[in-house]
Amino acid sequence: MPVITPAFPAMNSTHNVTETTKRILLDEFRRGYEVVKNVEAQKCEWNEVHDPFPYFTAFRHFVWLEILGKTDEVYQKFSGWVESKMRILSRQLESVNGMIIHPNPEQYELRNSDEKWPLGCGMFIAIAFFKDQGAFMGQTIDLRPALSQFVDVINQWNEKDAYVGQFLLRLKRIKAAELPVYVLKS
């Protein structure tokens, strides 16, 4: 799927489009088209075109990442490192049979929800299971290989020895009912 940048000189930024982002873009184009059709049929208002995607109610399963730091300097450096490697995690999870993913680019401030870690953010990747992706009832899907490969990459941070004990990455698969309070308040 070619994606052409709007600024001069126009360039193809396809290297940034994965199967997941392509699917999300096409789904959003379809959703926008349906809303505009409803506006023209006077079934809804124009402001509904701008309604955000209901991310946390549309999915039942998530990979939850928390990037934590003790000082602003460490947090900024470590979170930058983790963010720069999120594409690797997305590609690893895309390769797991039986599911599709929907990364959420938003970072949710922890708002002092952990006394030991004054600085941090939460990030989420939604997971959905579909028959056409090879999923079936009772199937067990193991995310550990994809997550452990990501952790191996994160552990290659060249500044980790200088900041021992001052940063942390938490990864966990959760259900929608287990979403942290700081997400529900935003």
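A crossing of two helices is left-handed if the near helix is turned anticlockwise from the far one by less than a right angle, and right-handed if clockwise. Keep that in mind for later.

This is a predicted model, where local features need pLDDT of at least 70, side-chain atom pairs count only at pLDDT 80 or more, and totals for chains, interfaces and linings use all residues. Residues are numbered from 1 along each chain as its sequence is written, and side-chain values use heavy atoms, with hydrogens and water left out.

First, the overall layout. The protein chain has six helices and four strands. Helices (H or I, at least four residues) and strands (E, at least two) are DSSP runs, numbered from the N terminus. Along the sequence the order is α-α-β-α-α-β-β-α-β-α. The C-alpha trace spans about 60 × 50 × 35 Å along its principal axes. Of the 186 residues, 36% are buried. Buried means under 20% relative accessible area, exposed over 50%, and partly exposed in between, with a 1.4 Å probe and protein chains only.

Now the helix pair. Two packed helices are described by the angle between their axes and the distance between the axes. Here, the axes of α4 (residues 86-94) and α5 (residues 144-154) come within 9 Å and cross at roughly 160 degrees. Axes are lines fitted to C-alpha atoms, for helices over the stretch in contact, and angles run from 0 to 180 degrees between N-to-C directions. So α4 is roughly antiparallel to α5 (over 145 degrees; under 35 is roughly parallel, 65 to 115 roughly perpendicular, the rest oblique). Which hand is the crossing of α4 and α5, left or right? α4 passes α5 in a right-handed crossing. On α4, the contact (heavy atoms within 4.5 Å) uses M86, I88, L89, Q92 and L93; on α5, A146, L147, Q149, F150 and V153.

Next, the core. A nonpolar core is a set of buried Ala, Val, Leu, Ile, Met, Phe, Trp, Tyr and Cys residues joined through side-chain atoms within 4.5 Å. The largest one has 27 residues, and F78 and L93 have the most contacts inside it. Its largest share, five residues, comes from α3. Leaving aside neighbours within four places in sequence, F78 contacts I67, L68, I154, W157, F167, L168 and L169.

Last, L68. L68 lies in strand β1. L68 is buried, at 0% relative accessible area. W117 is 49 residues from L68 in sequence, yet 6.1 Å away in space, C-alpha to C-alpha.
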